[in-house]
Amino acid sequence: MTEISVDSIQRDEQKPELSNDTVLSVMNLKTYFDTPAGVVKAVDDVSFELRRTDILAIVGESGSGKSVTAQSIMKLVAVPPGRHAGGRIELDSLDLLSLNEKALERVRGERISMIFQNPRAALNPSFTVAAQMVETLRHHDRSLSKGEAAKRAVTLLRAVDFPDPERVAASYPHQMSGGMCQRVGVALCMACEPEILIADEPTTALDVLVQATILLLLKRAHVERGLPIILITHDFGVVRALATRVIVMYAGKTQESGPVEAVLSYPQHPYTRALIDSVPKPDEVDRHLYQIDGQPPDLSRLPSGCSFADRCEFAMARCRTTIPELHRSPTGSTVRCHLFDDASE
Amino acid sequence: MTQSLLEIRSLSKSFPIREGTVVRRKVGEVVAVDDVSFDVFEGETLGCVGGSGSGKSTLGRLILNLIPADRGSVRLDGVDLVGLSATEMRRYRRGFQIVFQDPLHSLNPRRTVAENIARPLLNFDVPREEAKARVDELLDLVGLNPAHANRYPHEFSGGQCQRIGIARALALKPRFLFLDEPVSALDVSIQAQILNLLKDLQNALNLTYLFVAHDLKVVKHFSDRIIVLYHGRIVEIGGSDEVYHEPKHPYTRSLLDSVSTSMATTPGNGSRNEPACSPMTKIATAPCAPRQMRAPAASMPVPAASGSNHARRSRPACAKRSRGIASRATFTVHPTTSTIYPDNAHER
């Protein structure tokens, strides 16, 4: 219980809404991997709450722990080498991490569904789209006949803007483009009318034009069905276009979180700031981009202080010795940085 | 006035679609690059954008003569590279190198970094001692520690592997680099490092780049001029500012609309009060590049030669504009007019 104090500030801020609006709460989540090189702390003390009206974006570079966070919620992390090292995940006061496989079946797909990064790999190459959708639908609703399930599959495909859903239903994944596969993925996710959608880099593998159509589908699901979404991405453009709140992760820890507007327009954490600055701006005349020198740290050998200290231009002595706490910033976001130590005292 | 390094004229390539298990009958073809003409100027960065399947990578590979072209010519110092035999081509290979998209998989995993970089040198009979010295020099040039030369590629991160790939491409002191999505697989912070490195190298070594990427912001930032490919044809070509800020072709516009959301990462970039999703609704119905099965020639508009100021700045190929213009043969005169670009910046 001692761990909870670390995130006390964030906790206090969100407590009032916990009763009415929160659908999913992640508290001090820790997911570690035991590797020959040592313990890799992929997710290290991450807390957030997903409200009914949220599209919550989790942003970060590769290795920041954003995907493992999503996988932990669905309990998809392979054990071993993965290990749940602490924290709780609650879905309407149901403790997800304590559930056994059988109980999880009723959560995965039915209450929380997930869209994956590589749409083609997420589908089975040896079965038609219809066969896969019918299987999913009947798995979750045993009373459904094959014919009814097939009809429902076509309805679902039409809902993701396929002009000819019957033809798509009869196709194999290799006969479709990446964008079409991802739309089938979205349709599959909606099959059981979940309460939460997790989209793990849904547009990374896609063309810019196709990207927009997928984002639009997600937005529509959010607006029309009131579906809260957790969006994992590394693209600030996608965050700006879709999300309402954002969490910036680095080396397994939340570095900054808050409303999209505050975090993207007035980034407080040096890492968030550097990350946004290193994206090319179309109107910039200077050809030299702002660059963050160095590499993200090795997660099995994290420094004793702030994990960004080595690359940070504002690093001070205490940054290298103590891990900063979360602080409220003047813009309304929550920041893990020693620069804000004094402000909160 | 800048000089043309490469003159590309009516370059075309199509790939057959075959069916049948025993007798592979040709049942159709995919036109990957269709009658493309442009110039690449000495020392410039020519950006190339388009949806997937628009022929960007094929175009680069055709220029490097890695795959044989069906028709057309690629002229370097008056010599047509298309149709040269492998032995004849070897003389020119040194000057043309490529940097690949996937940094790790483009390196030989069983050879050390030094061996990977020295490979092109040894291939061109550079003595071993000399090659070794050059490898150290190259590692230093791309910002890696020469002491790590005996490590294997898997010991490096993606960004470092891309630096190794760049060092290898520079080994033979080329004049021209084809950068095939060199930063697409990298994280934002590493992407900035690599783009800055490439810019510095270009200034120091007077390199000419053909830069392919799918991220329009990156292409705009990095390139002097941009060509937009759609269905294997150039639909627009012009200075990067003009193509980005005043796109003439509807396809370019739809590409830009799809990133306009991503542009808004700058603080104080306006558009605060708009609903978050509004820029995207416009392009929900925009044409995405499907697999082109022999696009009928007549229906595909080509850049119009109107001779006006407008055409000199950036030439769209749009049905509206080319109506009444007799044939697409007019396009062959264009690559030379694009020399106007470096000067016309002041016109605007």
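## Overall form of chain A

Of the 345 residues of chain A, 48% count as buried, that is, with 20 or more other C-beta atoms, placed from the backbone, within 10 Å of their own. The structure is a predicted model, in which local features need pLDDT of at least 70, side-chain atom pairs count only at pLDDT 80 or more, and totals for chains, interfaces and linings use all residues. Residues are numbered from 1 along each chain as its sequence is written, with chains lettered from A and ligands numbered from 1 in the order in which they are written.

Chain A contains 13 helices and 12 strands, these being DSSP runs of H or I over at least four residues and of E over at least two, numbered from the N terminus. Its radius of gyration, taken over C-alpha atoms, is 21 Å, close to the 20 Å of the globule rule for 345 residues, so chain A is as compact as a globular protein of that length; the rule is 2.2 Å times the number of residues to the power 0.38. The C-alpha trace of chain A spans about 65 × 55 × 45 Å along its principal axes.

## Open sheet of chain A

In chain A, an open sheet of four strands runs in the order β2-β1-β4-β5 with antiparallel pairing, where two strands pair if DSSP finds at least two bridges between them. Its edge strands, β2 (38-51) and β5 (94-95), each pair on one side only. Strand β4 (residues 82-91) joins β5(A) over two bridges, and Leu91(A) has Leu94(A) as its bridge partner.

## Open sheet of chain B

Chain B also holds an open, antiparallel sheet of four strands, ordered β2-β1-β4-β5. Here β2 (25-41) and β5 (79-80) are the edge strands. Strand β1 (residues 4-19) of chain B pairs with β2(B) over 12 bridges, and Leu11(B) stands opposite Val36(B).

Notes. A residue is buried if 20 or more other C-beta atoms lie within 10 Å of its own, exposed if 12 or fewer, and partly exposed in between; C-beta atoms are placed from the backbone.
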